[in-house]
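Dear colleague,

I am passing on the structure we spoke of, and below it you will find my notes on what turned up when I went through it. Please read them with the model open beside you.

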Amino acid sequence: VLNEPVGYDLEKGDWVAPYGKGTINDFIFVCNASERNIRDWDASYTLTFSNEQDGIQEYIEPANDYGAYRWPYEAPEDEYKKEIHWSSFHHPGGWAGVSKSDYKENRKYIFRVRTKTDDQGNIIEARYGKIVGDIVFFSNGKITFTYFFNPTGSRSLEFGGNLFKFSRDEWEYE
């Protein structure tokens, strides 16, 4: 599905119905792609969220941190963005063409979803997780990302039974 919102359920590891078996719109993608030929294409997405306090933030690994665990032990309490945009293109021109991509090999993310607040806007419940690497969308309609989801309501980003499961998803839009 292109040019319209499609939800992804992080706990079920699937697109939200009618595109899959998911039921909660944790991530909402709007993907755009145009592939005129193998050397002339555009691909982009916008990622948004269902709840006012849901969001995502880029995590940059400290350069001089040599420990085995390369993440903060808990997700931050604030500074989550309501949306992110990603794009990539290749167009004819010059010897090899003209290309640009927002892809970053070492990019990581921390996210908060399913956020519930009290009457004063204080967070009383949420689910946290992390994305290893970039979320990449291809001009042929494929999107790929690797994430870890903590269903317990804890802000913990550590392994040890509380981060749901490893999930590598590649889905093709039709």
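D40 has its place in strand β4, which covers residues 40-48. Please bear in mind throughout that this is a predicted model. With a relative accessibility of 14%, D40 counts as buried, because the limit for that word is under 20%. Leaving aside residues up to four places away in sequence, D40 touches S34, E35, H90, H91 and P92.

Taken as a whole, the open sheet is formed by 6 strands in the order β2-β1-β3-β4-β6-β7, with antiparallel pairing. Its edge strands are β2 (14-15) and β7 (98-101), each of which pairs on one side only.

The other topic is the aromatic residues, for which a search of the whole structure finds 13 pairs. One of them brings together Y8 and F145, whose ring centres are 5.2 Å apart and whose planes meet at 75°, so the pair is edge-to-face. This pair links distant parts of the chain, since Y8 sits in strand β1 (residues 6-9) and F145 in strand β10 (residues 142-150), 137 residues apart. Y8 counts as buried at 0% relative accessibility, and F145 counts as buried at 1%.

Y8 takes part in a further aromatic pair, with Y147, which is edge-to-face with 6.0 Å from centre to centre and 90° between the planes. Because Y8 lies in strand β1 and Y147 in strand β10, this pair ties together parts that are 139 residues apart in sequence. Both residues, Y8 and Y147, are buried.

One last item concerns a charged residue and a ring: K130 lies over the face of F148, at 5.3 Å from the ring centre.

Key:
Residues are numbered from 1 along each chain as its sequence is written. This is a predicted model: local features need pLDDT of at least 70, side-chain atom pairs count only at pLDDT 80 or more; totals for chains, interfaces and linings use all residues. Side-chain values use heavy atoms; hydrogens and water are left out. Rings of Phe, Tyr and Trp (its six-membered ring) pair if their centres lie within 6.5 Å; planes under 30 degrees apart count as stacked, over 60 as edge-to-face and the rest as tilted. Helices (H or I, at least four residues) and strands (E, at least two) are DSSP runs, numbered from the N terminus. Buried means under 20% relative accessible area, exposed over 50%, partly exposed in between (1.4 Å probe, protein chains only). A charge sits over a ring if NZ of Lys or CZ of Arg is within 6 Å of the ring centre and within 35 degrees of the ring normal. Contact means heavy atoms within 4.5 Å. Two strands pair if DSSP finds at least two bridges between them.
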